[in-house]
Amino acid sequence: MSFSAHIITLFPELFPGTLGASVLGRGMADGHWQLNATNLRDFATDRHRTVDDTPSGGGAGMVLKPDILATAIDAVAPASDPRPRILMSPRGKPLTQQRAHELAVGPGVVIVCGRFEGVDQRVIDARQLEEISIGDYVLAGGEVAAMVLLEAVVRLIPGVLGALDSRDEESFENGMLEYPHYTRPQVFEDREIPAVLTSGDHKKIARWRAEQSLELTKARRPDLLK
Ligand code: SAH
């Protein structure tokens, strides 16, 4: 069984979006992973297909109703479904490369995309949704956040990205940012490729890259070194 992602959203037509392009799209075509998107509105029970209601206690905006959302979650993933149930949420744990690796070796994910002010807390508790954030800013909905999460995860699924070893040196894989890259031409607007990279001395190149990686991380993301 390959990795299976299932999205619950009010905008299923946004998927696969970026996930259908390039290596991830090819990975899907090759059967390394699959994607389904279910419209939350299909589970509404009234004539107007209502999925949201005003916040208890007052205030602006609307809240996704717990009963409709729970029905959708149960239809997509009954209690026996082993996939983690994730809610995209600015209040969630920040997404990390490590969590992406963990998810990539699992059976897949069920992802709920919030809209409006978010979802009723009781459905988060009752269905034990794992809240994940993609950063300290507020989006209008969880769809792009779900794509970000899946893009990070799916490229790590064995077989999706061709060259395995191009991964180990990438940013965050070893707790550091990656070194700078260069390619031809040798001279671009009077700027040369650092001589060490064209020296052919692989030991020296590895040392230079490690130094660059450390310097960049110190300068830009000292928090990663702690
Ligand atoms: N009222 C909420 C924000 C709601 S934004 C708050 O202040 O916390 C509407 C939806 O967009 C959310 O339910 C969530 O699914 C999604 N979303 C917004 N920002 C996000 C982020 N940084 N990471 C992940 N999902 C986010």
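1. Start with helix α1, residues 22–29 of this predicted model. Leu-24, Gly-25 and Gly-27 are buried there. Because these residues span an arc of only 155° around the axis, they sit on the same side of α1.

2. Now the other side of α1. Ser-22, Arg-26 and Ala-29 are exposed there. As background, an α-helix has 3.6 residues a turn, so residues three or four places apart point the same way.

3. What covers the buried residues of α1? The cover includes strand β2 (33–39). It also includes helix α5 (143–154).

4. Check the backbone just after α1. Gly-31 has a positive phi there, at about 85°.

5. Overall make-up next. The protein chain has seven helices and nine strands. Its 226 residues include 39% that are buried. Along the principal axes, the C-alpha atoms fill a box of roughly 70 × 40 × 35 Å.

6. Contacts across the sequence. Take contacts in the protein chain between residues at least 6 apart in sequence. Of these, 73% join residues at least 24 apart.

7. Surface and charge. The protein chain has an accessible surface of about 13,200 Å². Carbon and sulfur atoms account for 52% of that surface. The protein chain carries 25 positive and 31 negative charges. How far apart are the mean positions of the positive and negative charges? They lie 2 Å apart.

How values were computed:
Residues are numbered from 1 along each chain as its sequence is written. This is a predicted model: local features need pLDDT of at least 70, side-chain atom pairs count only at pLDDT 80 or more; totals for chains, interfaces and linings use all residues. Side-chain values use heavy atoms; hydrogens and water are left out. Buried means under 20% relative accessible area, exposed over 50%, partly exposed in between (1.4 Å probe, protein chains only). Helices (H or I, at least four residues) and strands (E, at least two) are DSSP runs, numbered from the N terminus. The arc is that of the directions from the helix axis to the C-beta atoms. Contact means heavy atoms within 4.5 Å. Accessible areas come from the Shrake-Rupley method with a 1.4 Å probe; for residues, only the protein chains shown count as cover. Lys and Arg count as positive and Asp and Glu as negative; His and the chain ends are not counted. The place of a charge is taken as NZ of Lys, CZ of Arg, CG of Asp or CD of Glu.
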